[in-house]
Amino acid sequence: MTLDHLKILLVEDDELFRLGLQVRLQQETKIAVLAEANDGETAIDLAKQQPFDLVLLDIGLPGLGGLETCRQLKLNHPNLPILVLTSRNERSLISRLVTAGAQGYCLKGVAAETLILAMRSVIAGASWWDAAATAEIHNIFQNQSSEITPENLSGSKVDTLTRREKEILLLMSEQKTNQEIADLLYISSGTVRVHIHTILHKLEVSDRKQAIAIHNNHL
């Protein structure tokens, strides 16, 4: 997959917002909204029928709801990037989005150029969290005190990581610094830090040493 001719699944129940977003995205010659859904159940069915490069997911969906839709999409398609659209950014939502498998979120009303940049970044394997979300993710890890035991050294936790997150975890296990990882993957050190935050959260550990132990146990 390249960053050309990107195939998007747009999941949004507000018809006017969905139409406006589709019109704007159609102005991007290398982005195609291949399918639309106004609820989670339809989105899950569509994702089974054809491959997509990204799901642009409204969190306030009727029925199944955005969070559960995100969880099920990631369960069925672990490497499918999901960027959440929301009008909320309270701290409790951020941790729930990370747990559900989202790669980031954009607030509704954000500039179109910013949304498109976020979409391309997430498709490329990065996460997209604003400063407030990044601070909250860091706070979550700082407050975690779970100990590693044989019971929680589960391969299933590693399997929840995206391909890029697994790459970064491997480099962490090789004792690479954030800057060395950034140089090797051609991304910024800030993006590496956000990836590591997400990795620690998904593995339910509080530091790099514990994450590396899980990685080594999974080999």
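The following legends describe close-up views of a predicted model.

Local features are reported only where pLDDT is at least 70 and side-chain atom pairs only at pLDDT 80 or more, while totals for chains, interfaces and linings use all residues of this predicted model. Residues are numbered from 1 along each chain as its sequence is written, and side-chain values use heavy atoms, with hydrogens and water left out.

**View 1. Overview of the protein chain.** The protein chain has 11 helices and five strands; helices (H or I, at least four residues) and strands (E, at least two) are DSSP runs, numbered from the N terminus. Of its 219 residues, 47% count as buried, where buried means under 20% relative accessible area, exposed over 50% and partly exposed in between (1.4 Å probe, protein chains only). Among contacts (heavy atoms within 4.5 Å) between residues at least 6 apart in sequence, 68% join residues at least 24 apart.

**View 2. The open parallel sheet.** Five strands are arranged in the order S2-S1-S3-S4-S5, with parallel pairing; two strands pair if DSSP finds at least two bridges between them. Strand S2 (31–37) and strand S5 (104–107) stand at the edges with a single partner strand each, so one side of each has no neighbour in the sheet. From one strand to the next, the twist averages 25°.

**View 3. Strand S3 and its partners.** Strand S3 (residues 54–58) runs parallel to S4 and is joined to it by four bridges. Across this pairing, Leu 57 stands opposite Val 84 and Asp 58 stands opposite Leu 85. S1 and S3 also pair in the parallel sense over four bridges, and Ile 8 has Leu 54 in S3 as its bridge partner. Leu 54, Leu 56 and Asp 58 point one way from S3, Val 55 and Leu 57 point the other way, and all are buried.

**View 4. Helices packed on the sheet.** H3 lies across S3 and S4 and runs at about 160° to S3. Helix H5 (residues 112–123) also packs on the sheet, touching strand S1 (6–11), S2, S3, S4 and S5, and its direction makes about 150° with that of S4. Axes are lines fitted to C-alpha atoms, for helices over the stretch in contact, and angles run from 0 to 180 degrees between N-to-C directions.

**View 5. The H2 and H3 pair.** The axes of helix H2 (residues 40–49) and H3 come within 10 Å and cross at roughly 15°. H2 is therefore roughly parallel to H3, a term for angles under 35 degrees. In H2, Gly 40, Ala 43, Ile 44, Ala 47 and Lys 48 meet Thr 69, Gln 72, Leu 73 and Asn 76 in H3.

**View 6. Pro 78 in its loop.** Pro 78 is found in the loop between helix H3 (66–76) and strand S4 (82–86). Pro 78 counts as partly exposed because its relative accessibility is 36%. Its C-alpha atom is separated by 7.8 Å from that of Leu 161, which is 83 residues apart along the chain.

**View 7. His 195 and its surroundings.** His 195 lies in helix H10 (residues 189–203) and counts as buried because its relative accessibility is 1%. Not counting residues up to four places away in sequence, His 195 touches Gly 125, Ala 126, Ser 127, Arg 164, Glu 165, Ile 168 and Ile 187.

Definitions and conventions:
Angles under 35 degrees count as roughly parallel, over 145 as roughly antiparallel, 65 to 115 as roughly perpendicular and the rest as oblique.
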